[in-house]
Amino acid sequence: MMAISKSVRNWFYATLVLLLLVPALHLYGTQVTAAKIEALSGDFELLAENYALSPDMGLLVYYAQAYISYNDQNFLDKFNEMSTTLIKKELDLINRADKEARKAELKKMVLLTQDYVAYVRGEVAPLIRSGNREDFEALYREQYDLLAMQLLDTSRRLLIEHQSTVAKTAAGEEQLLDKTGFLASVLVLLALGVTALGARHLLYPLSINYSHAQKLLDHTRDAALVIDPRGNITRVNPAWAELMHIPVSAIEAESLNGLHVKYPKTQGLTQPLFNVLLDHKKILNNQVILNEAEEKTFINIDYYPLLDFNKLTGAAMLAHPVEMHKNKQYLFDTIEAERKKISIEIHDWIGRGMSPIIHSLDYILRAHRQIPEEVYADLAKLREHCQNAAMDMRSIMNDIHPYLIDKVGLIQALESYVSNFEQMQGVRVYMFYKERTFNVRKTAEIVIYRIIQEALSNVVKHSSATEVDIYFKVENDILKIEIMDNGRPPENLTAGKGMWGMKERANLIGGDMVYAGDESGFALTLTIPAQPKG
């Protein structure tokens with residue numbers, strides 16, 4: 001054993017010296033230079049796009065000149081189409097430029113193009129369209145020719161400068177490769193020879209450990225799936241296949257995208273793996289509901305990036321089913337997570353679609369006063385309908401998940417909800433509190449919000465109350481919330497599903513709820529444990 005340890009130690013020292021001296025050049029030649037060559041390839045691609053941009057610039061000027069000469073609307077239409085395409089290409093070149101000086105020059109060209117296009121559309125085209133060609137020749141020809149010449153000269157100059165820069169870079173890389181190529185090859189062969197001497201003492205134990213890890217993956221009860229950096233599935237254990245009811249043979253060597261197409265039910269479970277590959281960060285305790293064969297399975301999933309010497313080699317997920325009746329808190333968290341996800345998707349997809357419509361209608365109503373009154377009135381009504389739809393959407397989002405709690409806190413979120421409730425239902429609601437924040441968990445804040453929301457709904461459904469008082473009070477690390485109305489409760493007061501659900505929610509966070517009613521009104525008291533230090 002001593003001989004083996006000494007041999008490994010000597011091999012380690014020898015390898016360390018080579019790792020410090022030999023592979024540095026090889027790594028530079030294979031990684032740094034390769035990266036520069038890849039960047040150079042991108043420069044050539046941008047150069048090709050610059051070459052394509054110059055004819056487009058000439059074609060833009062040609063269409064403008066043709067319209068001026070022949071007063072043909074087709075040329076103006078082609079000019080407008082080409083200007084849109086050209087500006088998009090210029091903006092794309094700006095986004096892809098890697099040097100600030102290059103970006104600044106491209107921005108100047110974009111501004112010059114926009115000035116030229118705006119001049120043709122706003123000054124030249126109206127004169128040509130009205131038949132005042134003499135006015136154009138007398139007043140605008142000199143300015144037009146100057147803009148056109150500046151535009152073409154700037155395009156040619158930027159093309160020549162970029163061509164020169166790419167040529168210098170390529171020449172420098174070629175010289176560097178010639179100098180280091182042969183030396184790097186010799187040094188790499190020497191490093192491989194030394195590494196082979198220690199493979200028996202180092203690599204063989206590593207392969208044994210890898211084999212043990214593979215066996216552990218096969219026998220663990222957690223469902224495990226491993227992918228490479230390209231999103232291809234490299235390993236899946238029987239527990240994962242059993243959880244999804246998919247044969248292992250149908251999963252291995254498949255890409256995640258291909259798996260989502262063949263088995264859509266897997267998308268919600270495996271989609272976060274893409275985020276892990278992008279961010280190189282783990283995602284823990286992700287809660288997902290798997291619906292299959294009229295049966296819901298609640299799953300807790302952890303996602304991990306696989307790193308080797310800080311280089312991403314893949315990602316893995318470990319999924320553990322949780323029985324619903326054994327973990328009500330997990331059920332609550334999962335439902336709220338799904339609600340929050342739906343609320344965010346409504347905001348991101350529908351909300352972002354509604355906002356441009358409203359702004360566009362505002363612009364049309366503001367900028368086009370000359371349109372007929374009937375059309376103007378119809379557009380104003382359409383804008384009002386869109387605004388009402390956006391407000392209804394926000395109300396629906398808030399019902400699904402009280403997003404204001406995450407932004408401004410419980411009291412502010414309740415004040416916003418109460419304000420809308422008063423306007424819609426005509427019932428006055430008064431809130432009494434000493435402080436606007438309470439030392440309770442975020443989960444407890446959501447539960448409190450839901451219970452107050454349900455209590456106010458019950459006032460509308462089952463009571464003739466005109467006022468509701470809500471008191472918040474903290475005593476002995478207990479948050480006490482009293483909800484009292486001045487309505488007369490039903491004669492045979494019994495707890496329905498709503499009251500039962502409210503009590504269940506309170507119990508989930510370690511609290512309790514009691515209620516009582518008489519001729520003076522109905523009272524509901526909610527107690528929640530507070531945290532002494534917040």
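Biologist: At what angle do helix 12 and helix 13 pack, and how far apart are their axes?
Modeller: An axis is a line fitted to C-alpha atoms, for helices over the stretch in contact, and angles run from 0 to 180 degrees between N-to-C directions. Here helix 12 (residues 410-425) and helix 13 (residues 442-462) pack at about 15°, axes 11 Å apart. They're therefore roughly parallel (under 35 degrees). Helices (H or I, at least four residues) and strands (E, at least two) are DSSP runs, numbered from the N terminus. Mind you, this is a predicted model: local features need pLDDT of at least 70, side-chain atom pairs count only at pLDDT 80 or more, and totals for chains, interfaces and linings use all residues. Residues are numbered from 1 along each chain as its sequence is written, and side-chain values use heavy atoms, leaving out hydrogens and water.

Biologist: Which residues of helix 12 and helix 13 meet?
Modeller: Contact means heavy atoms within 4.5 Å. Among them, Leu414 and Phe421 of helix 12 meet a set from helix 13 that includes Ile452 and Leu456. By class, the contact has 11 nonpolar, three polar and one charged residues.

Biologist: In what order do the strands of the open sheet run?
Modeller: Strands of a sheet pair through backbone hydrogen bonds, either parallel or antiparallel. Pairing takes at least two DSSP bridges. This sheet runs 6-7-8-10-9, with mixed pairing. Strand 6 (428-432) and strand 9 (512-518) each have a single partner strand, so one side of each lacks a neighbour in the sheet. Strand 9 pairs with strand 10 (residues 521-529) in the antiparallel sense over seven bridges; Asp512 has Thr527 as its bridge partner.

Biologist: Which strands does helix 12 touch?
Modeller: Strand 6 and strand 7 (467-475).

Note on methods
Angles under 35 degrees count as roughly parallel, over 145 as roughly antiparallel, 65 to 115 as roughly perpendicular and the rest as oblique. Ala, Val, Leu, Ile, Met, Phe, Trp, Tyr, Cys and Pro count as nonpolar, Asp, Glu, Lys and Arg as charged, and the others, Gly among them, as polar.
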